[in-house]
Amino acid sequence: MDLGFKGRVVVVTGGASNIGRAIAHEFAREGAVVGVFDRDAKQAGKTIAEIEAAGGKARAYALDVTDVAATAATVAAAEAELGPIAVLVNNVGWNGKAEFFLNLTPDRWEKAFQLNLYSTFNVTRAVLPHMVERRNGAIVCIASDAGFGEFRMADYGAMKAGVLAFTRTIAKEYGRYGIRANAVAPGLVIPPAEAIGEGSLWQADIGMGPKEVQNIEAGIPLRRRSEAVDIAWSVLFFASERARQLTGQVVSVSGGFQMPR
């Protein structure tokens, strides 16, 4: 099925590893020109090489998405080098080891805010004016099932709930310009070793061993965890013209672990 991405420019933040890597690969397979924004230059280069080896087109941009000036400059560079950005995927996020709220520190609150919510504000603010000028664009934000309220994830869940509210607000404010904004909320996705780099925000120690993972899987109606590509497929649908009447929506890709209304 042709989703209409051939030759269109797609930017994926955190596109070097795990979910972002899968998203970048799937857009490239559909013929999109993919811009990978990631602070991990080494892993980003590896992802770009994989895409190009498969016949796709992609370019990496080293970027700390919490840096306002650098983000604006990188978006301008991507538009000049690749062309108009048609799709923005706000994928960057971070979740530390699961802890009860009273064990969390203000420093960790701040890190959760910067990497999950502020980064989404910042990159959207840099890309959105170009979409408004062209009166067209699709934004897909990666939220989380934790954004609906989850045990021992007060900081991360609060920020991802903010991402959901932000996405819906953008959908309401900028739909008049032909811009759609939707969100995908993954459940637990554990990447294989080759899907992450040394500089990835993915934390190997998230406080869940094999027993904890088995317990989570037992509570999933489909009895299996999502893989990164499952998230990517939902992102591509939301970004495509197949979803032209969908905006301000969220889908949980978690095997039924969450069923938001």
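Predicted model: local features only at pLDDT ≥ 70, side-chain atom pairs only at ≥ 80, totals over all residues.
Q: Which residue has a side chain joined to the side chain of R108 by a polar contact?
A: Residues are numbered from 1 along each chain as its sequence is written, and side-chain values use heavy atoms, leaving out hydrogens and water. A polar contact is a pair of N or O atoms within 3.5 Å; within protein, one must be able to donate a hydrogen and the other to accept it, and residues adjacent in sequence count only if both atoms are side-chain atoms. At 2.7 Å, the partner of R108 is D155.

Q: Is R108 buried or exposed?
A: Look for R108 in helix α4; helices (H or I, at least four residues) and strands (E, at least two) are DSSP runs, numbered from the N terminus. Buried means under 20% relative accessible area, exposed over 50%, and partly exposed in between (1.4 Å probe, protein chains only). Since R108 has a relative accessible area of 14%, the word for it is buried.

Q: How does H130 count in terms of relative accessibility?
A: H130 also has its place in helix α4. Leaving aside neighbours within four places in sequence, H130 is in contact (heavy atoms within 4.5 Å) with V75 and E79. Its relative accessibility is 24%, so H130 counts as partly exposed.

Q: How many Å apart in space are H130 and A86, C-alpha to C-alpha?
A: Along the sequence, 44 residues separate H130 and A86. In space, their C-alpha atoms are apart by 9.3 Å.

Q: What is the order of the strands in the open sheet?
A: The chain has seven helices and seven strands. Its elements run β-α-β-α-β-α-β-α-β-α-β-α-α-β from the N terminus on. Two strands pair if DSSP finds at least two bridges between them. With parallel pairing, the open sheet of seven strands has the order β3-β2-β1-β4-β5-β6-β7.

Q: Which are the edge strands?
A: An edge strand pairs on one side only. In this sheet, that describes β3 (57-62) and β7 (250-253).

Q: Which residue is the bridge partner of V12 in β2?
A: Strands β1 and β2 (residues 33-38) run parallel and are joined by five bridges. At V12, the partner in β2 is V36.

Q: Which residue in β4 does V11 stand opposite?
A: β1 is also joined to β4, by four bridges, and these two strands run parallel. Across from V11 stands L88.

Q: Which residue in β5 is the bridge partner of L88?
A: Four bridges join β4 (residues 85-90) to β5 (residues 137-142), and these strands run parallel. The β5 partner of L88 is I139.

Q: Which strands of the sheet does helix α4 touch?
A: Helix α4 (residues 106-134) packs on the sheet, and its direction makes about 160° with that of β4. Here axes are lines fitted to C-alpha atoms, for helices over the stretch in contact, and angles run from 0 to 180 degrees between N-to-C directions. The strands touched by α4 are β1 (9-13), β4, β5 and β6 (179-186).

Q: Why is β6 largely enclosed by the rest of the structure?
A: On one side of β6 are I179, A181, A183 and A185, and on the other are R180, N182, V184 and P186, all of them buried. The strand is largely enclosed because its buried residues number eight of the eight.

Q: Which residue in β6 is the bridge partner of C141?
A: Six bridges join β5 to β6, which run parallel. The partner of C141 in β6 is A183.

Q: Which helix does the chain pass through as it crosses from β5 to β6?
A: This β-α-β crossover is right-handed: with the strands pointing away from the viewer, the path from the first strand over the helix to the second runs clockwise. The helix on that path, residues 154-174, is α5.
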